[in-house]
Amino acid sequence: MKSVWNKILRVDLTNGACKPEAMPDDIYEKFLGGAGMSAYMLWRECPRGTTAFDPANRLTFAPGPMQGIKQTGAAKWTAGAISPSINMNVDSAATASFGIEIKEAGYDAIVVHGRPEKPVYVVVDDDKVEIKDANHLWGKDAYETEDGIKGVEGEMFECVTIGQAGERLVRYANIQTRKKSFLGRCGLGAVMGSKLLKGIAVRGSQSINVHDPQEVDRLNKQINQRLIDMDNEKEEWLQIKRVGTAMATELFAPQGNLPIKNYQLADFPSGIKNLHASNYVKELRAKPWPCQYCVIQCHNLCEIKEGPYAYKGKGPEYESFAMVGFNTMVDDVKAVAYACELANLYSIDTISLGVVIAWAMESYEKGVITKDDTYGLDLTWGNAEAMVEMVRKIGERADGLGYLLGEGCKIASERLGKGSEQWAVQMKGQEIAAHNWRAQYISALNYCTGVASGPNHERSNSQHIWVGHIRLPEWGIDEVENEERWSWEHAADRNAKFHDYCNVINSACHCKFMEFRGYTLTDLCNTINAATGMGWSLEDLRRCGDRITQIQKLLNIRYGWKKEHDFNYPKRFMEPVDEGPAAGKIPVGLEDAIIDYYRERGWDDDGKPTMAKLKEIGLEDYID
Amino acid sequence: MKAFINCKEQEFQEGTRFIEVVKLIREAKKDEPMIKTIREKTGRNGLMFVLNGRAVHPHEYDSIEIQEGDDIRWIHPYAGG
């Protein structure tokens, strides 16, 4: 098989051993790379009882067969491990160039485990690998750490680093790369912190050997030109390069999809006005900041020149913008952008951050916590100053509420009690993202049944059947009526397909944002074939996605998943809003839909894969 | 004559112009919330079309004739999130 090296790099931080290991073709044929590879490493090496902060936890950084082929979107890569937020297997994806460098260094994955006696960072320079002292970097933020590593190793290295929240084991700490992209969800930054691993720097010089270079080149040209043309055809305010994904808020608002006031409201007029894309561009001076090879350019560089929120750096994306802004009712665009960048520096996931601060605000409103708990801050809805200060308290794990919020709102609400579990919008320990289940019931089903990262809007992005109008016509999802948002008919089939679709994308390692603007499953399949020579059909692609979903489910079971976890959804799921397009809509029938989904997946009514299903996809030997 | 719209095989008469397909799809999608939002804001519905892997510009709609086996896709003007 081409476009892989049949080789991974193992880094044992306990004994300092770093060595390449062979990986046979059949593993790639089964799991591709990326998310599939990280799941496979857990399956092979982390038995039942392994926990997130256990040195034996495998933290796998994995590109896929699409890295290094120079296609737009093919800068994406994935990392996975056992998560400290959901205590099960997870994966998370980021972009920029770190994955490409891993590939060009001659590896299909870097697998890290163990724990050294003092902080370290790892340097991979093709086949030369060193573990170096990071004492001088410990305590620094994530960007300073990247600067510190590059200052010694050179600017040609691509880095991943963590800030103080990762060191201090905030359960939703993230990992950053290039000061612009993040392995955001499920606390992989805390896994790094638990291993006293402050960063990894990688540089590679090897060319990727693909199956059919001419066909890869032809596809790249055709796809790039199409995506450029499609974006140019749009009205300026819809062009992704202008404002990034934050522009989505004005399309989501009329659908009732935004999270507002800890998911309690359907409208927020001052937020809609002030957090509007045109205001974003004007106030934040947003400019495109593309990833390697990308023609879409959804990342943007922002600058606030003066005032309390002055900074220059990453502009918030939709999820950050929605969770830290709309969900806390802070309508000051500069404060929201600054708070998100502050979170980035500490290495805090902005989705979880927006939920835990909203949970704290609601607790404050209800008198469950007071100024005695909030360091004197008036933690009322929309108080930008207090919201920003709470980000600092969480990042620093300040004694009291700051520390508690760093545990995530499941643990925080269980410790605080007083009914606060009722408004903790989380499942399995992870906070819910910025797609509202009232706007499309399939989101509730997806959050309940996710296997790759708990409740996650990007491990099945089935919300986008309506929210973003993605279709998978190659797999039979095409004509869908708007009213079907609030129907369970076809929900199991559609959610399963989108789940498998996300797993294929996250394992081939390609950017899902290409699909919003004309990149198709056919393009993906053709590119995988041109790169690898596997000759897959569109059905093979689905089968691969299905197989990765099933191994993730087997891992869930290994690490303690129980059926009741899928049914223990937030109370807020069944609380309607009284205005807007989703007024009165709650996902009644969700329990039956979950069982339908189990059956669609080939699981029994307890949610476990049947042996017949495992045999069908070649995983019969993978059951514990 | 057969062509494909979003992977679904459909029968067309010889000489069918691309603009006719565009009109049909636009009509079918006109009440979708995102399309309505965009139309209210811009006067256009924003749907975009791809023919055999290539984006089709609006000024070409009238001049293209559907051919046997054409692969036509329509895309919403959404931008991520």
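Modeller: Read from the N terminus, the elements of chain B follow the order β-β-α-α-β-β-β. In this predicted model, chain B therefore contains two helices and five strands. The C-alpha trace of chain B spans about 35 × 25 × 20 Å along its principal axes. The radius of gyration of chain B is 13 Å, which agrees with the value near 12 Å that a compact globule of 81 residues would have. Of those 81 residues, 35% count as buried; here a residue is buried if 20 or more other C-beta atoms lie within 10 Å of its own. Contacts in chain B also reach along the sequence: among those between residues at least 6 apart, 58% join residues at least 24 apart.

Chain A may be set beside this description. Its domain assignment gives domain 1 (7-203), domain 2 (228-431) and domain 3 (441-616). The centres of domain 2 and domain 3 of chain A are separated by 26 Å, and 22 residues of domain 2 are in contact with 20 residues of domain 3. On the domain 2 side of this contact, α7 (213-233) and β16 (426-427) of chain A each supply at least two residues. That side comprises 12 nonpolar, seven polar and three charged residues.

Within chain A, helix α11 (residues 277-284) packs against helix α13 (residues 333-346) at an angle of about 70°, with the axes 10 Å apart. The helices α11(A) and α13(A) are therefore roughly perpendicular to each other.

Note on methods: Residues numbered from 1 in each chain as written. Chains lettered and ligands numbered in written order. Predicted model: local features only at pLDDT ≥ 70, side-chain atom pairs only at ≥ 80, totals over all residues. Domains from an automatic or database assignment. Contact = placed C-beta atoms within 7 Å. Helix = DSSP H or I, 4+ residues; strand = E, 2+ residues; numbered from the N terminus. Nonpolar A, V, L, I, M, F, W, Y, C, P; charged D, E, K, R; others polar. Axes fitted to C-alpha atoms, helices over the stretch in contact; angles between N-to-C directions. Parallel < 35°, antiparallel > 145°, perpendicular 65-115°, else oblique. Rg over C-alpha atoms; globule rule 2.2 N^0.38 Å. Buried ≥ 20, exposed ≤ 12 C-beta atoms within 10 Å, placed from the backbone.
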